[in-house]
Structure formats: structure tokens, C-alpha cells
Amino acid sequence: MSAEKFEKSKTIELRKKHVGPSCKIFFSHDPIKIVQAKGQYMYDEKGQCYLDCINNVAHVGHCHPDVVKAAAQQMELLNTNSRFLHDNLVFYAQRLQATLPEKLSVCYFVNSGSEANDLALRLARQYSGHKDIITLENAYHGHVSSLIDISPYKFHQLSDAEQNQFVHVAPSPDVYRGKYRADYSDPATAYANEVKAIIDTVHKKGGKIAAFIAESLQSCGGQVIPPVGYFQQVAKHVHKAGGLFIADEVQVGFGRVGTNFWAFQLQGEDFVPDIVTMGKPIGNGHPMSCVVTTREVAEAFMSSGMEYFNTFGGNPVSCAIGLAVLDVIVKEDLQGNALRVGQYLTNLLEKQKEKHPLIGDIRLKEQHILLSADGPHRNVLKFKPPMCFTMEDADLVVEKIDLILTELDDALGLKLSSTLNPGNECSKMKMPTDENGHQFPNGLVHSRGSSQGGPHQTKRLKT
């Protein structure tokens, strides 16, 4: 086990003293000090093992030896910027493009999902000559100013903030709790028509649409899977208005949905976005990201006359790491594993839904049970482990969920159900948090019933 530099109490003290107070920590009432990780497991300073269901960044597993080796070997040779020729850059761009539709052929390498989405907005505005952006309710696209403006998940938290006049929010295409649900005759068309209505309103006020941006599956927004055909129809409306379609794959790409490498491909082969952004899992924890677009959009960006340069984007070490991640996904069939384990997990949770009245919908489209709380009411469990997560791990997690839900049933006076035996020693489970580290007493389930108002209030349970 890695040695500590400080006692845990000293680490907490120094963090409070030197780290910005708005930088939240997971499980703030009892934070975990992690000193080592491997695969889907993390270890604290006392050697306690935790099954990691939160880190979608460690995509192929924490500290994967192939990724570590690729990084170390390239660091021993060279690390510099992309103004020099280097084979890693072009080879990685070629490999990445091979996973995408043919027309998405030009890459811009950057350092984070936020940086990628910010650049995507620049590309769209330069190409179209327009300014207005359509985003989805509850969306989150990053932490820089341009992205907070298009992220209702963030800007709704600001008490004195006014919505940017160039940003327009469309309904989330949620067929479980949204305006048009699964029993509606054609929810895809209905939700797409909401976007068209926004475009018409913008035009009447003298505005012009630069882009529509959406995560291919809304993650922070509550694990919302758009109905098939929605993106195609939205793209048609946006293109007619002179804008572009940006697919944000920062959280959901690289094989996580199981059936496809990219989540936007769930819409069908007839849908291809104009810009795709990627980040988080791309470097397995190394800070890197990418924007991929068409030759036409890239040429329009070039026509501005302004050079685009990124000091660290596309450096030889980052590209070596990115290549290693792609290799591991293929070598260990992690996309196939996501499909198999995801379906197994879905089946286990469907059985829990039959036992526990608190559970509403089960949404697994990759990893897809959810173990940090999110969504507009913070009542959806977001399950996003490393892709090496196994069926045995799934059994363990569902055992723990069953145990906690049984306690919740008891606390709320609902029908009791039998519990399964606790798992092995690597099974200590913390109550879920949101992306900002806030802890919720009831975050285990997407509860049944109306979406109006906040989540059910129940007592906090410890396990």
C-alpha cells in the first residue's frame, strides 16, 4: 500500500487551508482518503478496499499496466507540442477517426471535456456566423464560463444569475418522466418539435441558431435516453436554420453503451452529428480530450484567419496513452463486457424493482445502474464504474442496494422484503453523492410517481 505523507486529519486540515472551498469532496461528512487503486477497486490509507462505482474516468481500470507502460515509455523519449511532426499524433487521430462515421474526419486535441465543448461552440459559431445555442434542460457541458451559460444543471444553482440571452433551453427528451412519455404516440417527433418551436421563436426575435448541443445520453440530467429518431429530426431543424449539431460524448463514449462505441450511434446509422466532443475516459485519468468534426467545419474555422494552438493538446505522451486505451478496449473486449454486465445488472435491478416500491425506472445503457445521485431532483442513482466491472461486482452491489432499500422500506412503512447476505470485505459502501460531492439521504433510487417537487425525504442511513 502506498505510504501516506500525512495523517488523514492533517490532510483534511491542509485541504481546508489551501484548496478552494467551492471544490467539494465526496462524502464530506466522512471523506475517504484514497492512496491506491487497481482495476475497479480503490484502497484507503488503512487498506480498506472499495468497489468503485463512480469513476467513469478510469475507463479501462485504475492504473492499467498497458496505459502506465505506454505513458512511461513515451515520457522517456519525448514530450512536446503539436507544432512538431510526430507519428503519435497522426496515428492516434487515424485510429480515433476509424471508430467514427467517415465524414467526421478532422481532430482537434485538447485537455478536458470542458475545453472540448468550449471549442465546439467556437467551431459552430464560426461556421454558421450565428450566436444562439439550444441546449437541454438539466444539461451539463462543463465548468468554463461559456459552458456554464449552456448548462442549466449549473446555472440554475446561481441565485442571482440571468440566463444568457443567446441560450435557449429545450425540454429533456425524457420518455419516463418528461412531457411526452413512452406511451405517447411519437415522443421523438414531439420533443423535436419543441426544438423547432424554439428555433421559430429565435428567428422571430431576430436571432440565428449556431448549434444544438446535447449529451448523446444525458448523464447529470438523470440518465435520460432520447427516443430513437429524436436526434435525426432535431438535426434536420437545426440544419435548416443554418446551425450545427454537437454530440457531447464526454461521459458516455468509448464503448460504454455496449452495443456501440459511441452513444449517438444508438439513434441509428442515419444519424451523424456535425461535431463530436470527447473527454473523461479518453485518457484513463490522463488529462486529454478531443473535438472531431467535418472537413467543411474545420475549413470554416480556418477561414477566420486565427491560428488554433493548444500547448498540451495532442502531445506525444497524451497520444501514446490514448492509443493504449483504444488497444485495451479491443484487447479485453470491454465494450462487449459493458453489454454483458450491463444486461446482467439490468436484470438484477428489475428484480429489485419488483421487491421495492421506491424503485421506478431502471436505466442501464452502458454500465447503467447508477451509484452517485443525480438528475434534476437528485433522486437517480448514476452507476459509472470502470469498464472492467464484472458480474460478481454486480452481484455485490445489488446485494447492498437490496439491503439499503429494505431498510428504507421499513423506515417508510412500506412492505418489507427479504434481504440478501452482505458481500465480501471489499464491500464497504458509502451513501451516494452528486457530481459536486453533496450527499443525499435518499439518493438510491429513481422514485415512482410525479416529477413535481423534490425527492422523498427519508432518514439518512449508514451501512
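Modeller: Happy to; we take the aromatic pairs, then the sheet. This is a predicted model, where local features need pLDDT of at least 70, side-chain atom pairs count only at pLDDT 80 or more, and totals for chains, interfaces and linings use all residues. Residues are numbered from 1 along each chain as its sequence is written, and side-chain values use heavy atoms, with hydrogens and water left out.

Biologist: Why is the aromatic pair of Phe212 and Phe245 called tilted?

Modeller: Rings of Phe, Tyr and Trp (its six-membered ring) pair if their centres lie within 6.5 Å; planes under 30 degrees apart are stacked, over 60 edge-to-face, and the rest tilted. Here the centres are 5.1 Å apart and the planes make 45 degrees, so the pair is tilted. Phe212 lies in strand S7 and Phe245 in strand S8, so this pair ties together parts 33 residues apart in sequence.

Biologist: How do you know whether Phe212 is buried or exposed?

Modeller: Buried means under 20% relative accessible area, exposed over 50%, and partly exposed in between (1.4 Å probe, protein chains only). Phe212 has 0%, so Phe212 is buried.

Biologist: What makes Arg83 count as lying over the face of Phe309?

Modeller: The rule asks for NZ of Lys or CZ of Arg within 6 Å of the ring centre and within 35 degrees of the ring normal. Arg83 is at 3.7 Å from the ring centre of Phe309.

Biologist: Why do S8 and S9 count as paired?

Modeller: Two strands pair if DSSP finds at least two bridges between them. S8 and S9 have three, in the parallel sense, so they pair.

Terms used: Helix = DSSP H or I, 4+ residues; strand = E, 2+ residues; numbered from the N terminus.
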